[in-house]
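Please examine the sequence and the structure shown here before reading the report.

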Amino acid sequence: MRWRPCSVGRMITLLPGLPANTVGFRVDGKVDASDYADILQPAIATALATGQPVNGIVVLGPHFVQRSATSAAAGLDFGELLDQDWGRLAVVSNHMFINMMIKMYAAKSPYDVRRFSLSQEAQAISWATTGRA
């Protein structure tokens, strides 16, 4: 039996109950261009409109696939997210390659980036929203 996401047609879901200047989202499955355009971009724009540094929480679930051919063709990549003006950025993932890339990126990032395992999601949310894990 093949795994199917619970959200109909969406691989990105926003995390509820976060402060206005915080964007949190869970990614599980293959992301396409409409996921970026319909979910991420408006959420980031809303957080930027607060005028405060934007904090981010990215939870990459166990079935995360970086991008579909549609998003690749549209030039969309999670790397674009790293170009935002973040305050703190928490990346929650058990994906070894992603974790290695985030570790390298965090070492030279102008803002605070931390990696957390999936079992540490609550700590990641606390750190991103308050600065304390």
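## Basis of the model

The model is predicted: local features need pLDDT of at least 70, side-chain atom pairs count only at pLDDT 80 or more, and totals for chains, interfaces and linings use all residues. Residues are numbered from 1 along each chain as its sequence is written, and side-chain values use heavy atoms, with hydrogens and water left out.

Strand β4 covers residues 86–93; helices (H or I, at least four residues) and strands (E, at least two) are DSSP runs, numbered from the N terminus. Of the 8 residues in β4, 6 are buried, where buried means under 20% relative accessible area, exposed over 50%, and partly exposed in between (1.4 Å probe, protein chains only).

Two strands pair if DSSP finds at least two bridges between them. β4 pairs in the parallel sense with strand β3 (residues 54–60) over 6 bridges, and Gly 56 stands opposite Leu 89 in β4. β4 also pairs in the parallel sense with strand β5 (residues 112–116), over 5 bridges; here Val 91 stands opposite Arg 115 in β5.

His 95 is located in the loop between β4 and α4. A polar atom of the His 95 side chain lies 2.7 Å from the backbone oxygen of Gly 61. Apart from neighbours within four places in sequence, His 95 is in contact (heavy atoms within 4.5 Å) with Leu 60, Gly 61, Pro 62 and Phe 64.

## Helix α4

Asn 99 belongs to helix α4, which spans residues 96–108, and counts as buried at 15% relative accessibility. Residues up to four places away in sequence not being counted, Asn 99 touches Ser 93, Asn 94 and Arg 115. The C-alpha atoms of Asn 99 and Phe 116 are separated by 8.7 Å.

Met 100 is also placed in helix α4, and this residue is partly exposed, with a relative accessible area of 46%.

## The salt bridge

The count comes to 1 salt bridge, defined as a side-chain nitrogen of Lys or Arg within 4 Å of a carboxyl oxygen of Asp or Glu. Arg 26 forms a salt bridge with Glu 121, and their closest N and O atoms are 2.8 Å apart. Because Arg 26 lies in strand β2 (residues 22–27) and Glu 121 in helix α5 (residues 121–130), the pair ties together parts that are 95 residues apart in sequence. Arg 26 is partly exposed, at 29% relative accessible area, whereas Glu 121 counts as buried at 19%.

Notes. A polar contact is a pair of N or O atoms within 3.5 Å; within protein, one must be able to donate a hydrogen and the other to accept it, and residues adjacent in sequence count only if both atoms are side-chain atoms.
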